[in-house]
Amino acid sequence: MRIGIDTGGTYTDAVRVDEQRRVVAAAKARTRPDLSIGIAEALDAVLGDPDEVSLVCLSTTLATNALVEGVGGRVGLVLIGFEDADLDRGGLRDGLGEGPVLLAAGGHDPLGNEVAPFDGAAVSRWADGLAVDAFAVAGQFSVRNPGHEEAARDLLRAIGTPVACSHELSAKLNAPRRALTCLLNARLIGLIDDLHRAAQTILADRGIAAPLMIVRGDGSLVAGSFAVDRPIETILSGPAASLIGAGHLSDLADVIVSDIGGTTTDVGVLRNGRPTVSVEGATVGGHRTMVEAVEMFTSGLGGDSEVRLDHRAATASLAIGPRRVTPLSLLGTLEPDLVHRTLAARTYPFRDHDIMFAAQVDPSADQTATGPIGERERKVLAAIGDGWAPLDSVATSNLEASSLRALVARWQVRLAGFTPTDAAHVLGLHDAWDAEAAARAATLLAAASDAAGNPVRPDGEALARWVVETLVRRSAEAVLGATLAIDGFTGVTIDTELVRRALDGHRGVTDLRVAPALPLLGLGASAATYYPAVAELLGTAGVVPTNAEVANAVGAAVGRVRVVRTTTISQPSKGQFRIHLPNAGPDLGNLEPTLERAAALLTDEVRGLADDAGAAEVTIEVDVIKKTAMVEGREVFVEGTVTVTGAGDPRVRARLG
């Protein structure tokens with residue numbers, strides 16, 4: 001048996017799959033700030049006999065969320081051969097913040113030749129006694145010659161502090177962006193190490209002796225210890241796992257995948273059974289990295305997105321998201337007396353805050369931890385108290401409403417309100433929580449007067465259908481916007497009138513149609529509720545597979561190990577060819593033997609890395625690209641690239657007995 005676990009923003013999902021990769025148990029647990037709590041609860045719900053577990057695989061939001069929230073360890077950055085002005089390129093200075101940085105002498109040119117001696121003594125003096133959690137080292141053209149980075153790494157490791165080198169994370173040029181990637185990687189080392197240790201402890205406490213693997217941002221699996229050294233490669237781990245899970249659950253190799261959660265909708269594509277990868281590198285938390293991760297398009301549209309009614313305009317309209325709130329149907333289950341008493345007491349005319357509630361995220365926390373807090377904010381927090389409170393008792397003036405918005409933005413206060421999940425309860429599409437609370441709120445919303453003084457909808461059911469139809473339309477727009485972007489239609493968006501009219505089903509003298517060329521697969525707990533209609537609106541086949549609500553965990557459980565390494569071949573002088581790898585040996589006088597040597601060296605490296613990453617047996621693929629140019633009627637070699645990919649199933653615990 002394999003176990004897959006995914007730590008999402010709302011829930012931690014777990015599945016147990018058998019040797020045929022069939023799901024035999026699935027469960028959800030609430031995700032907490034301490035991720036290990038949700039991991040332990042979800043694992044316990046699917047575990048069964050610990051002796052049957054051969055592998056545990058984890059996809060995690062930790063690295064992604066840390067970059068978004070700007071948290072992580074304190075990092076000392078060593079830049080070799082850089083100038084101060086380079087810090088203003090690639091977002092490097094913003095990424096560094098107040099962290100210590102050293103501009104050390106050294107570096108190489110594009111051919112890998114040393115441009116200045118490496119000043120190791122300066123590095124040692126600077127690092128002596130420096131209070132940091134990790135070091136990041138980046139050198140100019142280190143991908144063409146990593147010698148100076150490796151020398152700095154050896155000096156810093158002697159101190160006993162973790163060190164990350166930029167050439168180990170990317171083979172691409174653009175030193176500032178590579179340095180930023182390395183810096184962010186170093187910042188995450190402690191966080192992923194702590195998660196890895198916590199997960200190992202959870203397994204040990206339950207008598208599970210199976211290997212622990214972590215999903216990377218491209219959907220591949222690596223051993224937990226391997227991920228600790230390269231934690232930035234786990235950004236977008238969850239979305240990558242969902243794409244792998246989608247392919248496994250549906251047996252579709254070419255499909256658009258849309259995963260609707262509580263907060264967001266993530267859209268990606270599978271081609272030939274593999275997720276499409278962002279060639280330019282993943283952008284997370286405003287940082288443009290060089291990490292190859294799944295190409296994912298995210299919108300603030302989920303089952304728990306706030307529904308806002310604009311009933312004062314000439315034509316009443318609905319907006320959904322991007323803010324997430326607690327559904328009233330859920331709050332009605334948690335606080336039934338408060339919710340029903342409050343909603344039953346509401347009178348007309350309708351006010352925007354009539355169906356909303358507020359609570360402190362953590363009443364025991366130091367409220368000044370995220371910055372200074374004013375007297376009005378303190379008054380709002382005092383009015384909320386330790387539990388949930390009706391919003392109109394919390395913010396009784398415009399100034400207090402402004403203070404409340406500031407507290408929500410700082411994640412010190414959370415809100416509850418009407419959501420698509422509530423609309424689904426009203427219509428009988430969901431039944432997990434308090435449908436009566438949702439129906440009362442829908443009735444209040446429907447009775448709001450439009451500009452002409454008429455109710456915006458005849459009753460609560462009509463209002464709920466409006467919400468569901470709006471979510472379906474917005475979901476279709478999210479999918480179509482992603483497919484247009486993937487196809488490179490940068491000037492064409494869902495806001496383009498032709499696209500909008502095509503979705504409206506315009507059929508006149510002009511027959512307007514725009515539709516995805518691939519089927520649409522919906523994932524998430526509410527996918528079965530909405531995505532058949534989304535696919536119909538888009539004019540494509542729709543699929544919602546069994547176990548769609550735990551696809552991320554399935555993707556973690558069924559993944560494979562995959563390691564890729566690339567090197568460049570240059571021509572420093574006519575008839576001489578150079579491999580930009582350590583221990584590549586002297587330049588050769590013939591191109592083909594040079595390419596063969598590069599492939600052999602990379603193959604050895606990939607086999608070793610794949611073994612470290614936890615692969616049982618490795619299949620090797622070699623890809624060679626030669627760039628040439630026509631000069632005076634002759635084809636001239638410019639540059640070559642050799643890429644070696646190693647892939648294989650992960651090593652698992654041997655069958656007992």
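1. Leucine 77 stands opposite alanine 136 in β7. Strand β5 (residues 75–80) pairs with strand β7 (residues 134–139) in the parallel sense, over 6 bridges; two strands pair if DSSP finds at least two bridges between them. Helices (H or I, at least four residues) and strands (E, at least two) are DSSP runs numbered from the N terminus.

2. This is a predicted model, in which local features need pLDDT of at least 70, side-chain atom pairs count only at pLDDT 80 or more, and totals for chains, interfaces and linings use all residues. Residues are numbered from 1 along each chain as its sequence is written, and side-chain values use heavy atoms, with hydrogens and water left out.

3. The open sheet has 4 strands in the order β6-β5-β7-β8, with parallel pairing. Its edge strands, each pairing on one side only, are β6 (101–104) and β8 (163–165). From one strand to the next the twist averages 20 degrees.

4. Helix α4 (residues 120–127) lies across β5, β6 and β7 and runs at about 165 degrees to β6. Axes are lines fitted to C-alpha atoms, for helices over the stretch in contact, and angles run from 0 to 180 degrees between N-to-C directions. Contact means heavy atoms within 4.5 Å.

5. Helix α8 (residues 237–250) packs against helix α18 (residues 551–558) at an angle of about 85 degrees, with the axes 6 Å apart. The two helices α8 and α18 are therefore roughly perpendicular to each other (65 to 115 degrees). Residues making the contact include Gly238 and Gly245 of α8 and Gly555 of α18.

Technical notes. Parallel < 35°, antiparallel > 145°, perpendicular 65-115°, else oblique.
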